[in-house]
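Student: Can you walk me through this model? Start with how the surface numbers are defined.

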Amino acid sequence: MGPSPEDTDRGPRSQLTDIGRSLRSHLTDIGRSLGFHLGRIGRELPGQLERIGRGLLSLLTHIGRGLRSGAVGTHRGVRSYLAGIDRDLRPYLIGFALALILTGIPFALVAINPLSKSTTLIIIGVAAAIQVLVHLRYFLHLDLTSTPRENLVAIVFTAILIFLMVGGSFWIMFDLHNRMAM
């Protein structure tokens, strides 16, 4: 659809002025909306940060007590130290520690590069698979012994979807690589 007859009668300067006014109006609306949302975030953020700070302080207090008592150095000490932590917090801390370790291993392998490329890729893949299991167990609290059948079906369906997406992505990438090499 072409320009209307009244637009062709007006000059380009007039049209640019109209576009400028419209753009200024839209930017003003965006600025007001952004100001509103930033104001809301500014009002809610101190409370959120205070709650996070209290949780971190509690965690650091637990860790500090264990270190001060010298109970963290031995296997038995770690177990007794973990027994003193809140029962609801314990699986999250164990899962967090395992997730950090399973993330650190691939990063260290890539940074130091001590192994061949294929071995490093295999170890990264295994660490990723184990980390998925850690997340399922410690953060989502799913295990195969107490999980209802519906949850098990959902887990299997999710695993199949992930396998198809990752496998399909690799298939596409390798096919593109082969086509580019020709």
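Tutor: Accessible areas come from the Shrake-Rupley method with a 1.4 Å probe, and for residues only the protein chains shown count as cover. By that method, the protein chain exposes about 15000 Å², with carbon and sulfur atoms supplying 69% of it. This is a predicted model: local features need pLDDT of at least 70, side-chain atom pairs count only at pLDDT 80 or more, and totals for chains, interfaces and linings use all residues. Residues are numbered from 1 along each chain as its sequence is written, and side-chain values use heavy atoms, leaving out hydrogens and water.

Student: How many helices and strands are in the protein chain?

Tutor: The protein chain has 6 helices and 0 strands. Those are DSSP runs numbered from the N terminus (helices H or I, at least four residues; strands E, at least two).

Student: What share of the residues is buried?

Tutor: Buried residues make up 8% of the 182. Buried means under 20% relative accessible area, exposed over 50%, partly exposed in between (1.4 Å probe, protein chains only).

Student: Which residues of α4 are buried?

Tutor: Gly95, Ala99, Leu102, Pro106 and Leu109. Their cover includes α5 (117–139).

Student: Switching topic, how many salt bridges are there?

Tutor: A search of the whole structure finds 3, where a salt bridge is a side-chain nitrogen of Lys or Arg within 4 Å of a carboxyl oxygen of Asp or Glu. One of them joins arginine 179 and aspartate 175 (3.0 Å, N to O).

Student: Where do arginine 179 and aspartate 175 lie?

Tutor: Both are in helix α6 (residues 149–181), 4 residues apart, about one turn of the helix. Arginine 179 is exposed at 57% relative accessible area, while aspartate 175 is partly exposed at 31%.

Definitions and conventions. Contact = heavy atoms within 4.5 Å.
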